[in-house]
Amino acid sequence: MPLRLLLVGAFPYPHYQGSQVYFREQAIALRAAGAEVELLTYSTRAARAPGDLGFWRGLDGFEHWKTPPWTASRSLRSGPSWGKPIADLGIAMTLDDAIASKMLRSESYDAILTHNAEATLMALAARRLRHSNQTPIVYCVHTLLGNELSSYFKSLNYKNKMISSDSLDERKPNRSSVLVRVINRLGDALDRTLARRVDGWISLTRSSHRVMRRASIAPGAMIPPGLPDPRHQLEPLLPASGSQRGRLPDKAFYLYSGNLDAYQEIELLRAAARGRGRDLPPIVVASHDRRVLESGRFGDSPITPLHVDSGDEMLALIASARATLV
């Protein structure tokens, strides 16, 4: 009898960002291993370009539960927003529907794999309300709230130029640094609460592994995403980069290819670009997000912004860069 698994992601799907790509590849890998896999994610009202075929691989053949349309957020960005609580309520409602549907057919999920803290909180809440359901919850820890939450506050202050970057230094006694420490402690408390309440966990990084191992008595392991040999995967894609790569000399630029959301703290990259020596290669920021081309986004820093249309195009840029930046 194959395992019946429900993967729950508190994000729009499919999408190009890292959490969704990991979610997609995990679903495909579990199905290939013989499990019956279903998906549950946010609905979205935001337009999504079809991009390359790989963008849609994570929908092929999967039953996909989506939250009610009235709970959908217009934004695809990560982090706090006014629409997120309603979207998370939609996760809890839809999860309860999925569990009830299985119970009506005298079936049940063998495990629910939750991606991101919001999905885990909603799964725990749904299980508490439906006492007849005791399906194990396995938390896939993408990031630590103890690190992530304060980055949104920092980004807001950078964006509004309310305070200088020096005033965000936690070693200096000022109101902003105190607030950053408070936010970090709140996030750390939430991390540890989730660790204590879930039935199992998978961490993607050493830092999250340390927190989960110390705070949780449930079984778990660090399983970083698999990385294929770039010499095999990327080199055949070099011609696919089109005009974008044609503008950049081969192996003569540093590339940032992540998303533009606040927790990435792009302000640090911008400051590094302004302070770099003249003999260093230029820094390129490439993104599927059209906000990358907004005027003034990178200020007076010598950063080259590029918009890419597909995953293949991004892979080709990675292959032709001198190094990638995280």
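The structure is a predicted model, in which local features need pLDDT of at least 70, side-chain atom pairs count only at pLDDT 80 or more, and totals for chains, interfaces and linings use all residues. Residues are numbered from 1 along each chain as its sequence is written, and side-chain values use heavy atoms, with hydrogens and water left out.

## Salt bridges

A salt bridge is here a side-chain nitrogen of Lys or Arg within 4 Å of a carboxyl oxygen of Asp or Glu, and a search of the whole structure finds nine of them. Helices (H or I, at least four residues) and strands (E, at least two) are DSSP runs that are numbered from the N terminus.

What does the pair of E38 and K102 tie together? E38 lies in strand 2 (residues 36–42) and K102 lies in helix 2, so this pair ties together parts that are 64 residues apart in sequence. To say how covered such residues are, the report uses relative accessible area, where buried means under 20%, exposed means over 50%, and partly exposed means in between (1.4 Å probe, protein chains only). By these cut-offs E38 is buried, at 8% relative accessibility, and K102 is buried too, at 5%. The two residues also belong to a network of salt bridges that links E38, K102 and E107.

The pair of D188 and R192 has another setting, for these residues are four apart in helix 5 (residues 175–197) and are therefore separated by about one helical turn. D188 is partly exposed at 28% relative accessibility, and R192 is likewise partly exposed at 27%. In the remaining pair of the table, both R291 and D289 are buried.

## Patches on the surface

Patches are made of residues with over 30% relative accessible area and no salt bridge, where like charges are joined within 9 Å and nonpolar side chains (Val, Leu, Ile, Met, Phe, Trp, Tyr) within 5 Å. The accessible areas come from the Shrake-Rupley method with a 1.4 Å probe, and for residues only the protein chains shown count as cover.

On the surface, a patch of positive charge is formed by R206, R210, R213 and R214. Lys and Arg count as positive and Asp and Glu as negative, while His and the chain ends are not counted; the place of a charge is taken as NZ of Lys, CZ of Arg, CG of Asp or CD of Glu. The C-alpha atom of R214 is separated by 9.6 Å from that of R196, although the two residues are 18 apart along the chain.

A nonpolar surface patch of about 390 Å² is made by W70, I86, L89 and M93. One of these residues, M93, has its place in helix 2 (residues 84–104) and is partly exposed at 32% relative accessibility.

## Buried positions

Which residues of helix 9 are buried? In helix 9 (residues 266–275), the buried residues include I266, E267, L269 and A273. They cover an arc of only 160 degrees around the axis, which puts them on the same side of helix 9; the arc is that of the directions from the helix axis to the C-beta atoms.

V285 belongs to strand 9 (residues 283–287) and is buried at 0% relative accessibility.

## Backbone features

Most residues other than glycine have a negative phi, and most peptide bonds are trans. The peptide bond from Y13 to P14, however, is cis, with omega near 0 degrees, and P14 sits in the loop between strand 1 (4–12) and helix 1 (18–32). N116 has a positive phi of about 85 degrees although it is not a glycine. This residue, N116, is found in the loop between strand 4 (111–115) and helix 3 (117–129), where N116 is buried with a relative accessible area of 16%.
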